[in-house]
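Please look through the structure shown below with its helices in mind.

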Amino acid sequence: MNTTTLSWNEPIVRPIKRAPGSVCGEAPWARRLLIAIALGFLAIFLLAPLAIVFAEALKKGWQVYVAAIVDPDALSALRMTLLAAAISVPLNLVFGVAAAWLVTKFEFRGKQLLLTLIDLPFSVSPVIAGLIYVLMFGLQGWWGEWLRDHDIRIIFAVPGIVLATVFITVPFVARELIPLMQTQGTEQEETARVLGASGWQTFLRVTLPNIRWALLYGVILCNARAMGEFGAVSVVSGHVRGETNTLPLHIEIAYNEYQFAAAFAVASLLALLALVTLALKHLVAARIKKESAA
């Protein structure tokens, strides 16, 4: 017969009893309270305002709603929003991939400075970013006189809107790729180079397939930020109707002119674009989680 003798100095470890579905061992009422607080917060500060936007947009009927959407100024604002996103997102896509590749595959002086500069738009107010471009390219700015002499318009024109949008959306692609590429390391790329692949072939056949979903995730976030930007674009656009207004600026002008139905109608259009972006973001995040688990 085997016997086990416990020393007085040996601790007796007893299993911790946890409530069903609990990770930290909290009481069921605490879990339900936290869930209720989270759902209440979302209902008050997210779902209720969103519902109000659509309710006010449709308050005067579909005819008024459609008329506000197809208004020439609204359509011009929509085109400007899509144009700014169509230019700024690909530019940030290229920059984000290049910056992530540089940061994760090479060691060089100034690496931390580059990471800090990538995060700069997160800490700088969009209004300040717009003012910086006015200081640089405005009529009284550093290069304003030269631009005027060569008949080049940046401020109060499409180039200024694109520049401001690019600045605001710089971090999104890079910041999605850098942590993933750091986790993956460089072993696969080094193996491809040993087997004779060129740098471009290594990127297309090894690196890109591994980061494609994170890249798409960053592009979706970048596009959502580009379409919804207000502060920086407001400073550099000049609010010219039918020329430099984006959807957020058009909503502000309509609301300030007491055209509430038109303002909420266009706001609902922007909200629909945001919901579509959110759905795409959820699908991509689910795919990333699935591949990570595999």
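Helices (H or I, at least four residues) are DSSP runs, numbered from the N terminus. The model is predicted, so local features need pLDDT of at least 70 and side-chain atom pairs count only at pLDDT 80 or more, while totals for chains, interfaces and linings use all residues. Residues are numbered from 1 along each chain as its sequence is written, and side-chain values use heavy atoms, with hydrogens and water left out.

His250 has its place in helix α12 (residues 247-256). Buried means under 20% relative accessible area, exposed over 50%, and partly exposed in between, with a 1.4 Å probe and protein chains only. His250 counts as buried because its relative accessibility is 8%. Contact means heavy atoms within 4.5 Å. Apart from neighbours within four places in sequence, His250 is in contact with Asp71, Asp73, Ala74, Ala77 and Val266.

When neighbours within four places in sequence are left aside, Val284 is in contact with Trp213, Leu216, Tyr217 and Ile220. From Val284 to Leu75, the separation is 209 residues in sequence and 30 Å in space, C-alpha to C-alpha.

Helix α5 (residues 126-137) contains 12 residues. From its first C-alpha to its last, α5 reaches 17 Å, close to the 16 Å expected at 1.5 Å a residue; the expected span is 1.5 Å times one less than the number of residues. Its buried residues are Ala129, Gly130, Tyr133, Met136 and Phe137. They cover an arc of only 125° around the axis, and therefore lie on the same side of α5; the arc is that of the directions from the helix axis to the C-beta atoms. These buried residues pack against α6 (144-149), α7 (158-169) and α11 (231-237).

Two packed helices are described by the angle between their axes and the distance between the axes. Axes are lines fitted to C-alpha atoms, for helices over the stretch in contact, and angles run from 0 to 180 degrees between N-to-C directions. Helix α3 (residues 72-105) packs with α4 (residues 111-123) at an angle of about 150°, their axes being 11 Å apart. This angle makes α3 roughly antiparallel to α4; angles under 35 degrees count as roughly parallel, over 145 as roughly antiparallel, 65 to 115 as roughly perpendicular and the rest as oblique. Phe95, Ala99, Leu102 and Val103 in α3 meet Lys111, Leu114, Leu115 and Ile118 in α4.

Definitions and conventions:
Helix = DSSP H or I, 4+ residues; strand = E, 2+ residues; numbered from the N terminus.
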